[in-house]
Amino acid sequence: MSVLTPTRGVAARMGRWSASHRRLAIVGWLAFVLAAIVIGSAVGQKQLDGQGGDVGQAARADKILKQAGFTPGGPLTEFVVIQSSRSTAEAPAFRAVIGDVVHTVAPFGTVLNLRYPTASSERGQVSRDGHTALVEWDMSGTLKQAENRIDPLSHAVASVASRHPSFYVGEAGAVSSDKALNKLFGQQVGNAGIRSVPLTLLILVLVFGSLLAAFVPLMLALQSVIATIGLISIVSHLTPMDPNAGAVVTLVGLAVGVDYTLFYLRREREERAAGRGEGAALEAAAATSGRSVLVSGATVMIAMAGMLFSGDATF
């Protein structure tokens, strides 16, 4: 059996060293993954606030307003819509619902500037036909703080709706709507990540014809994803992360990790089929496919880094 001529390429040297120090390479990699996720979990992930998505002049305006003590984007206003197809806002029953909403939300310390229609001030908070009325208030704190405190208020408004089934009572606003949209998007992206794992495993089983062999690329990709999520938690204390960064890392990392592993394994199997021994086949795969993986990975990182020039904090 022929032996590949030693090469000085970085990828080939990495493959040769890993093959000759197999136990140390495996234990060292697993220790790195474990350390990344433990440290990342300990420090937590710092996320972008509600004003982190603006770019250009809008971002500059947000910064100026923040430095001056103003809240960019204005107050965080919440609305409760009270509606009836039969009664108008002048009816005692309608007034009772308005009063119930006001008395329910008023005790909350996060509620500021509570506004509701009364006999002396109804303009702007009651529709022309009188069948719809608004109760409004502003949430204290930043958008992130308000989102953490909005759930008890939303539950309280829901309880008012249950006490008055003949009326429509619903809440919406800057805080509750933003939280609901972010939760929906996060769930969709998260579900995509969860579903991709069994689907990827099924495809790999069909490719390799072996469950054990299919686990190799999948586990390597998952370990890389786990380590990366731990690392971005650490980095987030230097530059805050988008709340959905972990889900995106899972989707992209799983795809790229499996792809690169298959590329590497395919080359090694071709060398073995050509008659090379284990060491020679591994070194040949490292010198060719391994080098391509390094170059391709670096190219992807450089290309994606171009999005930093957009100024969008998400990137």
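Q: Which strands does helix α5 lie across?
A: This is a predicted model, and in the model helix α5 (residues 143-163) lies across β1, β2, β3 and β4. Helix α5 runs at about 175 degrees to β4.

Q: OK, and in what order do the strands of that sheet come?
A: The order is β2-β3-β1-β4, in an open sheet of four strands with antiparallel pairing. The edge strands are β2 and β4 (168-173), and each of them pairs on one side only. From one strand to the next, the twist averages 20 degrees.

Q: Which helix packs on the sheet and touches β1, β2, β3 and β4, with a direction about 10 degrees from that of β3?
A: Helix α4, residues 92-105.

Q: What holds strands in a sheet together, in general?
A: Backbone hydrogen bonds: strands of a sheet pair through them, either parallel or antiparallel.

Q: Back to our sheet. How many bridges are there between β1 and β3?
A: Eight bridges, with strand β1 (residues 76-83) and β3 paired in the antiparallel sense. As one example, Ile 82 has Ala 133 in β3 as its bridge partner.

Q: And how many between β2 and β3?
A: Three bridges, and that pairing is antiparallel too. Strand β2 covers residues 111-115.

Q: Which residues in β3 are the bridge partners of Val 111 and Arg 115?
A: For Val 111, the partner is Met 139. For Arg 115, the partner in β3 is Glu 136.

Q: Why is β3 described as largely enclosed by the rest of the structure?
A: Because seven of its eight residues are buried. The strand spans residues 132-139.

Q: Let's pick a single residue. Where is Glu 78?
A: You'll find Glu 78 in strand β1.

Q: Is Glu 78 buried or exposed?
A: Glu 78 is buried, because its relative accessible area is 0%, and the cut-off for buried is under 20%.

Q: What is Glu 78 in contact with, apart from its neighbours within four places in sequence?
A: Quite a list, including Val 135, Glu 136, Trp 137 and Met 139. Ile 150 is also among them, and so are Glu 171, Ala 172 and Gly 173.

Q: How far apart are Glu 78 and Trp 137?
A: In sequence they are 59 residues apart, but C-alpha to C-alpha they are 5.5 Å apart in space.

Q: New topic: how do α8 and α9 sit relative to each other?
A: The axes of helix α8 (residues 245-273) and α9 come within 8 Å and cross at roughly 155 degrees. An angle over 145 counts as roughly antiparallel, so α8 and α9 are roughly antiparallel to each other. Their crossing is right-handed.

Q: What classes of residue make up the contact of α8 with α9?
A: By class, there are 10 nonpolar, six polar and five charged residues in that contact.

Q: Buried or exposed, for Val 293?
A: Val 293 is buried, with a relative accessible area of 18%.

Q: Which residues does Val 293 contact, leaving aside neighbours within four places in sequence?
A: Tyr 260 and Phe 263. As for Tyr 264, its C-alpha atom is 8.1 Å from that of Val 293, with the two residues 29 apart along the chain.

Methods:
Residues are numbered from 1 along each chain as its sequence is written. This is a predicted model: local features need pLDDT of at least 70, side-chain atom pairs count only at pLDDT 80 or more; totals for chains, interfaces and linings use all residues. Side-chain values use heavy atoms; hydrogens and water are left out. Buried means under 20% relative accessible area, exposed over 50%, partly exposed in between (1.4 Å probe, protein chains only). Contact means heavy atoms within 4.5 Å. Axes are lines fitted to C-alpha atoms, for helices over the stretch in contact, and angles run from 0 to 180 degrees between N-to-C directions. Helices (H or I, at least four residues) and strands (E, at least two) are DSSP runs, numbered from the N terminus. Angles under 35 degrees count as roughly parallel, over 145 as roughly antiparallel, 65 to 115 as roughly perpendicular and the rest as oblique. A crossing is left-handed if the near helix is turned anticlockwise from the far one by less than a right angle, and right-handed if clockwise. Ala, Val, Leu, Ile, Met, Phe, Trp, Tyr, Cys and Pro count as nonpolar, Asp, Glu, Lys and Arg as charged, and the others, Gly among them, as polar. Two strands pair if DSSP finds at least two bridges between them.
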